[in-house]
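Hi,

Here is the structure I promised to pass on. Have a look at it first, and my notes follow below.

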Amino acid sequence: MNRIKDAFAKKQKNLLNMYFTAGYPRLHDTVPLIKALSEAGADLIEIGMPFSDPLADGPVIQASSTVALANGMNLRVLFEQLQGIRQEVPETPILLMGYLNPVMQFGVDNFCREAAAAGADGIILPDLPLDDYVAEYQDIFRRHNLRPVFLITPQTAPERIRRIDELTDSFLYLVSGPGTTGGANTQAEGVQEAYFQRIEAMNLRNPRLIGFGIGDKASFQNACQYAEGAIIGSALIRALDGVDDAPAAAKRFVSSVLS
Amino acid sequence: MKPTYQQPTERGYYGQFGGAFIPEMLYPNVEELRQQYLSIMAEPEFQQEYQQLLRDYVGRPTPLFEAKRLSAKYNTRIYLKREDLCHTGAHKVNNTVGQILLAKRLGKTRIIAETGAGQHGVATATVCALMGMECIVYMGEVDMERQKPNVYRMRLLGAEVRAAMSGSRTLKDATNEAIRDWISNPVDTHYIIGSVVGPHPYPDLVARLQAVISEEMRKQLLEKTGSELPQYVVACVGGGSNAAGAFYHFLEEPSVQLVAVEAAGHGVHSGHSAATSVLGTPGIIHGSRTLLMQDEDGQITEPYSISAGLDYPGIGPLHAFLADSKRARFISIEDEDALKAVAECSRLEGIIPALETAHAIAALGQLGAGPDDVVVINLSGRGDKDLETYIKYADAIM
């Protein structure tokens with residue numbers, strides 16, 4: 001059984017993957033946010049594991065990571081919080097997104113065991129090289145039934161996209177254009193569409209979700225024309241900034257995207 | 001090919017250190033560089049242009065100066081490799097001259113760089129002016145304050161200096177911002193990294209471009225001492241580019257003791273230090289597996305040094321390997337002793353060193369060098385940029 005596969009089997013289009021940073025805005029918002037996002041209609045949930053130096057992230061997720069770390073978030077706390085989540089949110093796939101160094105320090109095998117025990121289905125580590133994944137991580141991931149998710153960008157060569165497609169059985173994370181998370185699309189008209197169509201025409205095994213710069217109903221719907229769905233992160237983090245009731249704000253945000 | 005200290009494996013490993021841990025967004029650029037850097041650098045036209053610029057623009061070879069009064073004080077034979085006499089005032093320009101020629105051959109039109117003390121930023125802005133290329137330098141906000149003259153120098157040279165506002169707002173954060181810029185500009189931009197850090201091939205690329213330092217040292221030592229090989233080569237290490245250059249052609253000469261000097265800040269175990277070889281553990285920083293200062297959760301911690309060029313929480317993977325294999329000896333020097341070394345070098349030799357370099361000079365007393373031993377200190381930079389700090393700490397220095 002894998003909840004990621006099930007989610008894509010159940011719903012072939014317009015899947016919404018919502019990202020938030022664990023421990024933000026407050027340390028114990030993690031589980032209430034998962035429940036709220038799932039209830040509001042998110043099809044997948046991506047939990048950011050905060051890191052001091054998140055190279056692929058823009059200022060919004062960087063700032064949320066800094067707050068989360070100051071709140072005391074770490075992997076041990078996150079796994080404790082996630083205990084029992086599958087009684088409350090049985091079906092929605094949960095992915096853990098973060099950077100390699102904290103995972104390495106935790107121990108890759110420990111990390112995968114704890115992640116699987118906590119009910120996670122997939123792992124996104126943008127700075128894990130493909131060759132290292134194959135050489136050192138693949139067996140561990142498989143043993144714990146965790147699916148890796150790899151990023152594809154407009155510059156990723158076709159043969160490399162094929163290789164990435166072979167290496168996973170979840171979805172492909174299509175980075176919408178050049179830039180870190182939360183940036184606006186600054187590409188010339190038609191460039192982004194041509195890229196999405198080029199990937200679509202490759203007839204890959206895995207479904208695709210488009211992320212980076214997707215932040216509202218219009219950009220979500222646009223992305224869904226070219227892929228099975230899209231990922232929203234920074235816009236939700238922004239919506240949680242300074243609110244008293246983070247789960248309520250998260251529900252309102254998801255409703256605004258899906259309305 | 002068997003990996004050596006000089007030559008990492010094909011995937012960029014020195015022992016267990018190195019590699020390229022980068023997000024997919026950087027992969028095409030880094031891979032292009034990896035596939036091409038050695039062949040481009042081997043081209044006769046590249047070499048001719050590079051050597052000519054080193055001679056006529058940088059002012060190489062730099063002198064190897066016998067420091068007689070320092071020698072008398074420490075009762076050994078001390079030679080100073082005068083990288084402070086390079087154009088722009090430090091060794092950093094050896095690397096930027098090479099990388100700008102590489103960038104041109106890769107068809108890049110826009111250059112980005114990170115800088116700590118500002119020396120690499122100035123060296124990058126300089127070669128960009130020379131080649132008519134757009135130049136953006138990221139610098140921590142704290143460092144912009146500490147090294148104001150260099151900020152103005154970069155601007156005068158036509159570069160745009162962008163403040164890094166995240167984290168401790170120093171070198172680590174400037175490097176993060178430069179990497180993010182590269183992610184956002186994947187086609188036209190080359191990132192000139194200033195030290196032997198970052199994903200493969202940067203550590204090897206920068207080491208090769210700085211290797212001219214030790215290449216010259218060997219020739220000059222033969223002329224002045226009758227032997228190409230000294231007993232000691234001493235250099236300060238932040239990321240480690242001047243040390244990599246000073247060590248390079250001695251790496252496979254076991255009789256030469258290599259001494260890397262780190263910044264201990266207020267004391268190695270004071271919580272305000274940048275002595276990575278002591279405080280660091282293996283992990284990943286800026287795309288490289290190396291020794292770095294981190295907490296038990298793998299969060300990178302903030303280093304401290306009075307010197308803006310040494311407060312980096314990692315060291316290059318080559319240096320991590322030199323420390324791990326004990327090929328090099330690592331010494332750490334506190335702020336106060338570095339400041340005293342500034343005065344010592346100034347008054348005994350008439351040379352005002354950079355704060356970074358002063359750490360290497362301050363290690364002289366700990367070497368255990370005998371009267372007949374030859375000690376080469378890589379005098380990596382001059383102290384003009386640090387005058388404000390020297391004035392502020394005048395009491396400690398004098």
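A quick word on terms: helices (H or I, at least four residues) and strands (E, at least two) are DSSP runs, numbered from the N terminus. This is a predicted model, so local features need pLDDT of at least 70 and side-chain atom pairs count only at pLDDT 80 or more, while totals for chains, interfaces and linings use all residues. Residues are numbered from 1 along each chain as its sequence is written, with chains lettered from A and ligands numbered from 1 in the order in which they are written.

Chain A first. It has 13 helices and nine strands. The C-alpha atoms fill a box of roughly 45 × 40 × 35 Å along the principal axes. Buried residues (20 or more other C-beta atoms within 10 Å of their own, with C-beta atoms placed from the backbone) make up 54% of chain A.

Chain B has 17 helices and 14 strands. Its radius of gyration is 19 Å, close to the 21 Å from the globule rule for 398 residues, so chain B is as compact as a globular protein of that length. Its C-alpha trace spans about 55 × 45 × 40 Å along the principal axes, and 63% of its residues are buried.

Now for where the chains meet. Counting contacts as C-beta atoms, placed from the backbone, within 7 Å, 29 residues of chain A touch 22 residues of chain B. On the chain A side, helix H3 (59-70), helix H6 (100-106) and strand S6 (151-152) each supply at least two residues; the largest share, six residues, is from H6(A).

Last, the core. A nonpolar core here is a set of buried Ala, Val, Leu, Ile, Met, Phe, Trp, Tyr and Cys residues joined through C-beta atoms within 7 Å. The largest one has 215 residues, and those touching the most other members are A:Tyr173, B:Val233, B:Val234, B:Ala235, B:Phe247 and B:Val261. Domain 1 (13-54 + 92-206) and domain 2 (59-89 + 211-397) of chain B, with bounds from an automatic or database domain assignment, both give residues to this core, so it lies between them. Beyond its neighbours within four places in sequence, B:Val233 has contacts that include B:Phe247, B:Leu258 and B:Val376.

Cheers

Key
Buried ≥ 20, exposed ≤ 12 C-beta atoms within 10 Å, placed from the backbone. Contact = placed C-beta atoms within 7 Å. Rg over C-alpha atoms; globule rule 2.2 N^0.38 Å.
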